[in-house]
Amino acid sequence: MSSAPESSSSSVTDVSHAAPSDSGAEDIGDYLLSLREVAKNFGPVQAIRRVDLDVPPGQVTALIGDNGAGKSVLIKCISGIYPPSAGQIFWKGREVHSHSPREASELGIATVYQDLALCDNLDIVQNMYLGREETRIAVLDEIKMELDTKELLKDLAVSTVKSVRQLVGSLSGGQRQAIAVARAVMRDSQLVIMDEPTAALGVSQTAQVLDLVRTLAARGIAVILISHNLNDVFKVADRLAVMHLGELVSHGPISNYDTVSAVELITTGQSHRSPTSV
Amino acid sequence: MSLSTPDGTVPPEIPGTILGRLPIQAQIKRLWQSETGLGPILIGLAALILYFYIRSSVFLSAGNITNLFIQATIFILLGMAEIWLLLMGDIDLSIGYSAGIGGAIAVILTSTTHHWPFWVALPLGVLACVGISTAWGLLCVYLRLPSFIVTLAGQIGLLGVLLYLIDSQGNTGGALPVQERVLYDLVNADLTPFVTWVVILAAIGVLSLMILRGDQRRRSAGLEAKPTWLTITKIVLLVGAGIWLILVFNTDRSHFTVLEGMPVAIPIDLGVLALATFILTKTRAGRYVYAIGGNVEAARRAGINVNRYRILAFTMSGAITGIAGLLYVSRLGGISTGIEGGQYVLYAVAAAVIGGTSLFGGRGKMIHAVIGGLVIATIDNGMALINVSAAGLYMVTALVLLAAVIVDSVARRGASTIV
């Protein structure tokens with residue numbers, strides 16, 4: 001628990017040498033992803049308002065907030081499902097406009113949704129490569145795909161699956177989550193967004209998934225983790241971003257927060273114990 | 001007796017022997033439940049054959065077995081056509097009459113009034129079926145209509161088209177005979193005994209080589225391959241079955257003249273089986289058909305053009321339906337207004353399901369249509385031999401279909417807890 005925040009603005013945690021961009025935002029060059037004044041309306045309804053968020057590479061950013069706070073809309077703006085109504089999104093310091101999940105995924109942004117989007121009737125290798133199979137003269141190169149899958153799962157320390165030729169339908173919830181994440185990593189994603197990855201898991205499987213999240217960060221991949229479970233958040237996150245009624249009310253290094261201040265921010269949008277941000 | 005040593009640890013040699021047995025048992029269990037999934041139904045087929053043989057020794061005569069294969073041809077081909085759609089959770093109720101139309105076009109164009117060459121007329125017949133199925137695919141995909149209803153309308157409409165085609169040839173009494181040699185020979189000609197040897201041995205050789213090479217490539221890549229005993233057993237069974245078939249086909253089946261060799265229809269079946277299996281298991285298109293059947297949303301999010309591959313599956317189904325139509329008119333020596341297209345569809349679906357294909361998409365193989373088609377033809381043929389009435393025939397077919405589904409679902413329930 002930290003009592004003395006080092007600065008009043010969460011985005012000044014790193015000293016940047018990058019040239020300031022003409023957007024007027026500071027330091028976006030050092031971040032993998034930066035949002036400036038991003039808003040999304042559905043007709044007259046403002047789902048999110050003026051969101052400024054910076055996501056550094058190799059760190060886990062936990063996005064928390066009550067139901068309806070706008071977490072899902074925010075990640076959908078990032079992953080290309082909704083175009084933002086206003087504001088700018090910078091990817092590696094360059095402004096981008098993703099109009100589809102496909103375009104976002106080409107940038108290197110992968111989203112692992114709660115339903116995981118796996119085919120139960122296909123095996124692990126087939127799921128990992130779905131949509132981008134390796135072929136040799138139009139024939140599927142099963143051996144290369146299987147070797148690469150094994151290699152990657154070993155790298156990610158996913159050791160609980162018996163065989164990569166197992167049908168995904170026969171895997172446990174934690175294993176399925178691991179496969180979905182591994183698939184995102186395999187596609188050279190630099191930012192993996194995970195929506196409630198541990199919501200439906202038991203204790204040991206949750207631990208597996210959290211280990212996997214740390215493994216991703218150790219590989220230099222940025223992770224945005226949506227979670228309702230503050231225990232998980234404080235276990236794995238490097239940074240925290242709290243949403244309240246469509247606004248990002250606070251974000252910064254996890255050491256600036258503790259469970260009490262996080263709960264206060266989630267429920268009231270402000271906390272006397274944490275730095276005021278935004 | 002306790003397995004533990006006094007200090008509480010387990011002596012190393014004992015768990016070694018206990019655990020050493022497990023892989024084999026697990027292997028056999030896996031073989032039974034998932035290897036090909038064909039175990040139960042093959043045993044069922046063997047039981048049926050044995051039963052009919054006991055009741056009538058004619059059943060296993062060369063002539064009857066050859067006949068049985070020809071009977072099965074239409075069920076097998078229509079079953080394969082249906083599996084392309086069942087894999088995606090779709091169905092085509094119109095393929096019976098669609099096949100009839102393809103066959104009728106070939107019959108009409110090659111008739112003595114029109115004189116088109118067979119190499120134009122036969123492909124045109126197949127192409128008609130491709131067009132029909134693709135049209136259903138376009139309707140289902142772009143207007144998001146359920147294939148059941150679209151093809152139900154198709155079944156009714158195509159019967160009308162077929163009647164119109166036959167009537168348009170003047171006063172024929174509702175039947176058009178095949179008047180062209182090649183079309184007639186598709187089912188009724190036999191390869192010479194020598195060519196029969198060559199064709200079957202070549203097929204077995206290619207298949208065995210593919211199995212061995214696949215195993216060998218996996219081993220040299222350091223991957224786990226099927227155990228050698230399993231591969232060898234497979235190849236031995238393959239060679240045994242092949243040689244038995246050669247001997248059966250090459251036995252003279254006629255009492256009056258010489259009738260021997262494999263009917264041409266069988267290599268046609270095998271060719272379709274090989275090509276369709278190749279596409280389904282070795283290419284992206286096949287993979288995507290399974291993915292769409294398993295989880296269409298996941299397929300879409302993986303960037304797969306779901307619409308394109310759904311239509312492709314309809315097109316493949318149409319091509320196989322067209323070939324089935326040609327063999328149908330060849331076997332019957334013509335096309336008549338009495339074709340039971342609706343019943344053929346139901347037999348096609350039954351063949352697929354008996355073989356192990358799911359009606360809900362995502363699970364099935366081309367070989368299922370072959371096994372299921374043979375089961376249905378065996379019942380058809382055997383019941384006729386032991387003089388069971390049509391009433392009994394239908395009831396037994398229904399029971400076999402039910403039994404196949406029950407065995408399949410029970411085996412699957414077991415599998416999900418084992419693997």
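Modeller: Happy to; here is a short walk through the chains and their contacts.

Modeller: This is a predicted model, in which local features need pLDDT of at least 70, side-chain atom pairs count only at pLDDT 80 or more, and totals for chains, interfaces and linings use all residues. Residues are numbered from 1 along each chain as its sequence is written, with chains lettered from A and ligands numbered from 1 in the order in which they are written.

Biologist: Thanks! How many helices and strands does chain A have?

Modeller: Chain A has eight helices and 12 strands. Helices (H or I, at least four residues) and strands (E, at least two) are DSSP runs, numbered from the N terminus.

Biologist: And what percentage of chain A is buried?

Modeller: Of the 278 residues in chain A, 47% are buried. A residue is buried if 20 or more other C-beta atoms lie within 10 Å of its own, exposed if 12 or fewer, and partly exposed in between, with C-beta atoms placed from the backbone.

Biologist: I'm curious about A:Lys235. Why does it count as partly exposed?

Modeller: Because A:Lys235 has 16 C-beta neighbours inside 10 Å. That lysine, A:Lys235, sits in helix 7 (residues 230-236) of chain A.

Biologist: Switching to the interface: how many residues of each chain are in contact?

Modeller: Chain B brings 23 residues and chain A brings 22. Contact here is for two residues whose C-beta atoms, placed from the backbone, lie within 7 Å.

Biologist: Which element of chain B gives the largest share?

Modeller: Helix 11 of chain B, with six residues. The elements giving two or more residues on that side are helix 8 (193-220), helix 11 (284-294) and helix 12 (296-301) of chain B.

Biologist: What kinds of residues are on that side of chain B?

Modeller: Eight nonpolar, seven polar and eight charged. Ala, Val, Leu, Ile, Met, Phe, Trp, Tyr, Cys and Pro count as nonpolar, Asp, Glu, Lys and Arg as charged, and the others, Gly among them, as polar.

Biologist: Nice. How is chain B divided into domains?

Modeller: Into domain 1 (40-189 + 263-406) and domain 2 (190-262), with bounds from an automatic or database domain assignment. The C-alpha centres of the two domains of chain B are 25 Å apart.
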